[in-house]
Amino acid sequence: TSEVSWTAVETRRTCGKSSKFSLAFRSVHFSSLSEVQPLPDAAVMDRSKLNRALSSDDNPTPGYLYGEIARMTQSGPEVSQQVVDYVLARLRKGNYNTKYKALLVIKQVCRVARSDFRQRLQRNNADVKECLQYRGQPDPLRGDSIYKRVRDAAKETLEAIFNEEDPVGAMPLSNGRIQGFG
């Protein structure tokens, strides 16, 4: 049988003010190795990477995050579904920067992600199609260009979602190295 114990630690941190918080650590002790269950092979969706890629600020998404998100979708169908659901939920937000960045993530990841990622987006493309008609109050400095950018990105994203050909130069992400010819 296994024995589970909990340890609570209380810590004080001073940053101008003193605050008190507690951390709980769980330790599991097994009487034999036969009780240890291996962790599932599937990875988990990394929400912090998705939040950085889909932030609402004006800064562009760092290019390496597209590859990291594509690697997330390669880890398994469950993670791929979670990523699709999360990105589509962010696409439904009202902020034009978030919509634009979500469309770019979908477009870039569709080029190298698992086929089920693209299939799920093909079935759930209503949110992307809504962005084709996206309009808002004109910005005093940029006018309608911020909304036109979202509409153009939606058009390119739909093309990437329904593109049946494998893109030229696509390589498996698990290798991580460029393969030469010959």
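Is the crossing of α3 and α5 right-handed or left-handed? Some notes on that and on the helices around it follow.

1. A word on the source: this is a predicted model, where local features need pLDDT of at least 70 and side-chain atom pairs count only at pLDDT 80 or more, while totals for chains, interfaces and linings use all residues. Residues are numbered from 1 along each chain as its sequence is written, and side-chain values use heavy atoms, with hydrogens and water left out.

2. The protein has seven helices and two strands, with helices (H or I, at least four residues) and strands (E, at least two) taken as DSSP runs numbered from the N terminus. Their order from the N terminus is β-β-α-α-α-α-α-α-α.

3. On the α3 side the contact (heavy atoms within 4.5 Å) uses P77, S80, Q81, V83, V84 and L88, and on the α5 side D116, F117, R120 and L121. By class, six of these residues are nonpolar, two polar and two charged (Ala, Val, Leu, Ile, Met, Phe, Trp, Tyr, Cys and Pro count as nonpolar, Asp, Glu, Lys and Arg as charged, and the others, Gly among them, as polar).

4. Helix α3 (residues 77-91) also packs on helix α4 (residues 96-110), at an angle of about 150 degrees and with the axes 8 Å apart. Axes here are lines fitted to C-alpha atoms, for helices over the stretch in contact, and angles run from 0 to 180 degrees between N-to-C directions. The two helices are therefore roughly antiparallel (over 145 degrees). This crossing is left-handed. V87, L88, R90 and L91 of α3 meet T98, K99, A102, L103, V105 and I106 of α4.

5. In α5 (residues 115-123), D116, F117, R118, R120 and L121 are buried (under 20% relative accessible area, with a 1.4 Å probe and protein chains only). They pack against α2 (63-74), α3, α4 and α7 (145-161).

6. Helix α7 passes a simple length check: at 1.5 Å a residue its 17 residues should span 24 Å, and the end C-alpha atoms are 24 Å apart, which agrees (the expected span is 1.5 Å times one less than the number of residues). Its buried residues include I146, Y147, V150 and R151. Among the elements covering them are α4, α5 and α6 (126-130).

7. Across the protein, buried residues make up 31% of the 182 residues.

Notes
Parallel < 35°, antiparallel > 145°, perpendicular 65-115°, else oblique. Left-handed = near helix turned anticlockwise from the far one by under 90°. Buried < 20%, exposed > 50% of the residue type's maximum accessible area, 1.4 Å probe, protein only.
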